Amino acid sequence: MKESKRLRPVDLARLVGVSAQQVRNYEDAGVLPPADRTESGYRVFAPVHREALLTYRALSKGYGTTGAARIMQTVHAGDVPGALALIDAAHAALHAERTTLEAAREALETLTEQEPAELPRGGLRVGEVAALIGVRTSALRVWEAADLVVPERERGTGYRLYRPVDVRDARLVHTLRRSHHPIDRIRPVLEGLRREGSTEALRAAVAARGDMLTARTRAMLRGAGRLHDYLDCRDSLGAAGTTTGPTADGSAGGPRRRQTEPI
């Protein structure tokens, strides 16, 4: 890539539909590499800055503006491994969301296949629920301590009384624990079921969330691909790739005190 073409802030601004001042802010924040200055203090951008700006915008669609800014700032600080670690962490977090979503789907299938239990009018006690779903009473107490299944207490005696919704939740927890889902992944499933109010509503919410995760994954892949190309661009330019070369006054390029400059 030739670095001879000079670009003004407004040239970069028009490229992505932001203000010239926003482009200056990006450089000040480290989202763009340092720009050179003329003797009169004007910023002088180059094609490498255009590639950085397009990379940031592509990353923003998948990693969010804050995440994209951190990635670009880390690159421009000279810590490429650190920037790639941020990419890895974002993908790991997305994988965790997918795991929780799969747990919700599995739980919904369990609810669909199981017949609702006929419960006494006053509810069931802990030993009866344990026998009904095939677990120890100690397991129910552990789930209660984790706020997964919280039964009411009988007046006077203080005995636990499990309502139909509590039995449903206990069944879900048992099913997901047998599939080795950790408690912190089960809690969002139960919260979603309680929030949506029905399995049908939760099923629709899970499907919509799945579509959103798919779209975000594709956006992250596009952003990561753009970052890969940008890193290649910087490598091809060598150490000078972070600036446009010497300034008009002969000094090396690098961060400078912010000045007021015209468009």
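Let me begin with Asp-147, which is exposed, having a relative accessible area of 52%, where exposed means over 50%, buried under 20% and partly exposed in between, with a 1.4 Å probe and protein chains only. Asp-147 sits in the loop between helix H6 (137-145) and strand S3 (152-153), and its phi is positive, near 65 degrees, in a residue other than glycine. Most residues other than glycine have a negative phi.

Please keep in mind that this is a predicted model, in which local features need pLDDT of at least 70 and side-chain atom pairs count only at pLDDT 80 or more, while totals for chains, interfaces and linings use all residues. Residues are numbered from 1 along each chain as its sequence is written, and side-chain values use heavy atoms, with hydrogens and water left out.

Among the buried residues of H7 are Val-167, Leu-172 and His-174. After H7 comes His-180, with a positive phi near 70 degrees.

Finally, what is Leu-227 in contact with, leaving aside its neighbours within four places in sequence? Taking contact as heavy atoms within 4.5 Å, Leu-227 touches Thr-55, Leu-59, Ile-71, Met-72, Val-75 and Ile-87.

Methods: Helix = DSSP H or I, 4+ residues; strand = E, 2+ residues; numbered from the N terminus.
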